[in-house]
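Welcome! Please take a look at the sequence and the structure below, and then we can walk through some of the details together.

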Amino acid sequence: MKRFFESAVVRGADTIASELLKIPGVVLMENAGRGAAEVILEKYPEAANVLILCGPGNNGGDGFVAARHLKIHGCKPNVLATAETAAYKGDAFIMARAAENCGVPITVSKKLNDAELSEMIRGADLIVDALLGTGATGAPRGEAERLIRLCSDAKKIAALDIPSGLDPDSGLAGAVAIRAQITTTFLAMKKGFETPAAKEYCGEVIVCNIGVPPELVLPSP
């Protein structure tokens, strides 16, 4: 039987993994991004040109890792980032620099107009949504909102952890949200995924192992 957890509980599990199990956050992020890339390669073997949308937080960090691993496996990833690499913090900054150093092209979205962004989106075989994770609150805004809106007609989207704009606990989406065909969620199913309303945004949900036994960091049934 599938178990569903509130997003705060899953975020707390990351803290437990880091502080009690001594698994650094950057290792968890590496495992998450690599696992997501493996799912993408399995589900979209024909996708050569992959456009990864990276937001300003840890979800964006997962996207940078996925981009690097897609490159390793022969894809041609391009990243659209909502911020300059130097603006990222912590583990996300490390992964942004790693992707950059490994030759992944990174473009800052605010430097392009809507027409230029739309051309990039249309030219991709697959869009990977790594804009907003479970820690985001309220409706998407700024560059994240713009990129979500411009992806409204994209036919193939894979979301990392949750589709951006979807509330991970209620399963409800606002006026602007990603509609993914596949969602690779990390460690555990989020509570909102249990609701019928979330299905049209999440598509198929695949739980990705991040290198931590779930029973060690999540509450017992």
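## Two helices side by side

Let us begin with helix 3 (residues 58-72) and helix 4 (residues 90-101), whose axes come within 8 Å and cross at roughly 25 degrees. Helices here are DSSP runs of H or I with at least four residues, strands are runs of E with at least two, and both are numbered from the N terminus. Axes are lines fitted to C-alpha atoms, for helices over the stretch in contact, and angles run from 0 to 180 degrees between N-to-C directions. Helix 3 and helix 4 are therefore roughly parallel to each other; angles under 35 degrees count as roughly parallel, over 145 as roughly antiparallel, 65 to 115 as roughly perpendicular and the rest as oblique.

Which residues of helix 3 and helix 4 meet? Asn58, Gly61, Phe64, Val65 and Arg68 in helix 3 face Ala92, Met95, Ala96, Ala98 and Ala99 in helix 4, where contact means heavy atoms within 4.5 Å. Leaving aside neighbours within four places in sequence, Asn58 is in contact with Met29 and Ala92.

## About the model

This is a predicted model, in which local features need pLDDT of at least 70 and side-chain atom pairs count only at pLDDT 80 or more, while totals for chains, interfaces and linings use all residues. Residues are numbered from 1 along each chain as its sequence is written, and side-chain values use heavy atoms, with hydrogens and water left out.

Buried means under 20% relative accessible area, exposed over 50%, and partly exposed in between (1.4 Å probe, protein chains only).

Not counting residues up to four places away in sequence, Val79 touches Ile52, Cys54, Phe64, Ala67, Val104, Pro105, Ile106 and Thr107.

## Around helix 6

In helix 6 (residues 142-150), the buried residues are Glu143, Ala144, Arg146, Leu147, Ile148 and Leu150. Their cover includes strand 2 (49-54), strand 3 (76-81) and helix 5 (114-122).

The axes of helix 5 and helix 6 come within 10 Å and cross at roughly 55 degrees. That makes helix 5 oblique to helix 6. Asp114, Leu117, Ser118 and Ile121 of helix 5 make the contact with Arg146, Leu147, Arg149 and Leu150 of helix 6.

Thr134 sits in the loop between strand 5 (126-130) and helix 6. Is Thr134 buried or exposed? At 11% relative accessibility, Thr134 counts as buried. Its contacts, beyond neighbours within four places in sequence, are Ser7, Arg11, Asp161, Ile162, Pro168 and Lys190. The C-alpha atoms of Thr134 and Ala8 are separated by 8.0 Å, although these residues are 126 residues apart along the chain.

Most residues other than glycine have a negative phi. Lys22, in the loop between helix 1 (7-19) and helix 2, has a positive phi near 65 degrees, and at 61% relative accessibility Lys22 counts as exposed. Asp161 also has a positive phi, of about 75 degrees, and lies in the loop between strand 6 (157-160) and strand 7 (182-186). With a relative accessible area of 10%, Asp161 is buried.
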